[in-house]
Every structure is written in structure tokens, then in C-alpha cells.
Amino acid sequence: MSDKVETASICDRGDIVSFQDRYDLPDLIRCSIAGCNTAHKKGFNVLLKNGSSARIGHICGKHLLGDDVFMRMQRDLEAKEQTALRKKYISSPSFDPAGAEALLASWEERVRLIRQVLGHLKTISYSAYSELQTACQKLDGRITYEDQDGRTHSHTVQGRRFLADESWDVYFGNARSNVRRINELLAKPDLDDKQLAEITQKASQAIRYLTVAAEVLDDFRAFCTIPNLSGLAKWVGGLSKIEEADGFLEIRVRRAGVWAVPHFATAVDRTLIAKLSPA
Ligand SMILES: [Zn+2]
């Protein structure tokens, strides 16, 4: 603070207009309240009626101003600090919700493929699907089956999260609507405090939702591999053939026809999440 702090003296509660910011010092100091005898480390820098700055301790300031005025000024300062934080968030160089929305398309494609695989599973055999879901929820993904000679085999399903709990789909949908809403708000010319708050709140929610969705989407890659699908095909009705073509694995299952499952070379692009975070 300027020299004014050292010279300004607060004699009356009416001298204080508002809190400018807070201080929290390593050493004990006296504040600007006339007759303040207790040195303290914490308090507020305040704006005085005469335009200069001064400081008040957090306890003696409360005594001088009275609880109500002190609390109101503290609340006003907190609101100002919140606004500053929100503005900092959205003006951060890494914050790029338009870029995030563009990247959503590639995630969406994977989400569509998971839904398709789930749909196929249910069509092939609903009871097998339910059994598989239970195994993924409770039995560490272990399924057992007997071969033609009556021997028992077991397979541990890989990439179980999309099967164990389908609510990830809701998370992805929420994240998508949050990102769209953020961009809708950012297109407005002047953002008020309520809108700034909505943007930062929706961004941090979207980050949480997308983190869950990314884990599920990446886990799904482990489901779509030849060893896992062969194990499943044998369990469903006996595998006759498995072939790779155009990013898909085609599985011919005895008594259950052909099943095409996508095959992913790479993990989902997580820069989408970074584009919603401040640097
Ligand atoms: Zn004081």
C-alpha cells in the first residue's frame, strides 16, 4: 500500500466507503483505526470517503463498523473477488470452449459406437446381455461357459465400465449441453455477473462429466479387442471367425450371426477437457 496507509487515520466508521482487498501478513502490524492498540496480521485495505486508502484489522474493524456493516462490506468484497476470478477464468489463454465444442464431434462418434455395441448385445440375446452386465457389476467381469465336450471355461470381460453402469451416457449428454450453453453465453456482447458465474460453473461441471466419459470411452477400447471378443463369442454361442476390416472387427458367432465391433487405434482426445480449464 501507499504511504497514505501510514498517515491516514480512521476516526469514525462513516469514513469507510468499502473494502478494496484483504491483507494477510507474516508480521503483526497496527491498522489505521485511531487508537487501535492491538497489532494484527489480517485485515482489509479500505477506501475512505476522502479518496485515500487505509487498513482495518479484521477484528477491530468489525468493532468499529458494527457486525452488519462489516459483513455487508465483506460480502461486497467477496462478490468483487468472485467476479475477478470468473473473468480470469474465461480470459485464460487455455480456455477455448469453441474449440472444445468442435472436438465434441469425435467423442460423440465413439459414444454412438458404444450405444450401437450395447444395442447389438441386447439384440443378440437380452438374457446374455443382462448376465454380462451383472458379471461386469459384481463378478469382476468373469463369465463361464461349457464347451461341446462339457469342459468349463471362463473369460474375464475387458473394458467393463460401459456395461457396468450406463449412466455415463447421461454424463456425456450433460457435458455437451454445458459446452453449448457456455458458447451461447460467450456470444453475448456484455456478460453480467450471473452469466459469468454460469459459464465458470458449467465449465467445471463439464470437466467432471467429461472426465468420467473419457474414462469410459478409453475403457471401451479394451472391450473392442480380438482376445476379449473371442472370449465373448465363445461364451455366447461359439466363435467361428474373427476378422479385421476398415476399423471394425467382424465376429462370426455360431447361432448368433455376424457382429461388427469398432476397433480403436487411439485413446479419446483429452485436449477437449483442457480447453474448458483455465491455465
Ligand atoms: Zn486495528
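Because the model is predicted, local features need pLDDT of at least 70 and side-chain atom pairs count only at pLDDT 80 or more, while totals for chains, interfaces and linings use all residues. Residues are numbered from 1 along each chain as its sequence is written.

**Overall shape**

The protein has 10 helices and 8 strands; these are DSSP runs numbered from the N terminus, with helices being H or I of at least four residues and strands E of at least two. Its radius of gyration is 30 Å, whereas a compact globule of 279 residues would have one near 19 Å. That radius is taken over C-alpha atoms, and the globule rule is 2.2 Å times the number of residues to the power 0.38. The C-alpha trace spans about 95 × 40 × 30 Å along its principal axes.

Of the 279 residues, 26% count as buried (20 or more other C-beta atoms within 10 Å of the residue's own, with C-beta atoms placed from the backbone). Among contacts between residues at least 6 apart in sequence, 59% join residues at least 24 apart; a contact requires C-beta atoms, placed from the backbone, to lie within 7 Å.

**Strand pairing**

Two strands pair if DSSP finds at least two bridges between them. An open, antiparallel sheet has the order β1-β2-β3. Its edge strands, each pairing on one side only, are β1 (16-29) and β3 (53-57). Neighbouring strands of this sheet are turned by 30° against each other on average, direction ignored. A further antiparallel pair is formed by β4 and β5.

| Pair | Bridges | Facing residues |
|---|---|---|
| β1 and β2 (residues 40-48) | 8 bridges | Asp-24 and Lys-42 |
| β4 (residues 142-146) and β5 (residues 152-156) | 5 bridges | Thr-144 and Ser-154 |

The hairpin of β4 and β5 has 5 residues between the strands, and Gly-150 in this hairpin takes a positive phi near 80°.

**Helix crossing**

The axes of α3 (residues 67-91) and α8 (residues 193-223) come within 9 Å and cross at roughly 55°. Axes are lines fitted to C-alpha atoms, for helices over the stretch in contact, and angles run from 0 to 180 degrees between N-to-C directions. The two helices are therefore oblique to each other, a class left over once angles under 35 degrees, over 145 and from 65 to 115 are set aside. The crossing is left-handed, the near helix being turned anticlockwise from the far one by less than a right angle. Residues of α3 in this contact include Thr-83, Arg-86 and Tyr-89, and those of α8 include Asp-193, Leu-196 and Thr-200.

Terms used. Buried ≥ 20, exposed ≤ 12 C-beta atoms within 10 Å, placed from the backbone. Contact = placed C-beta atoms within 7 Å.
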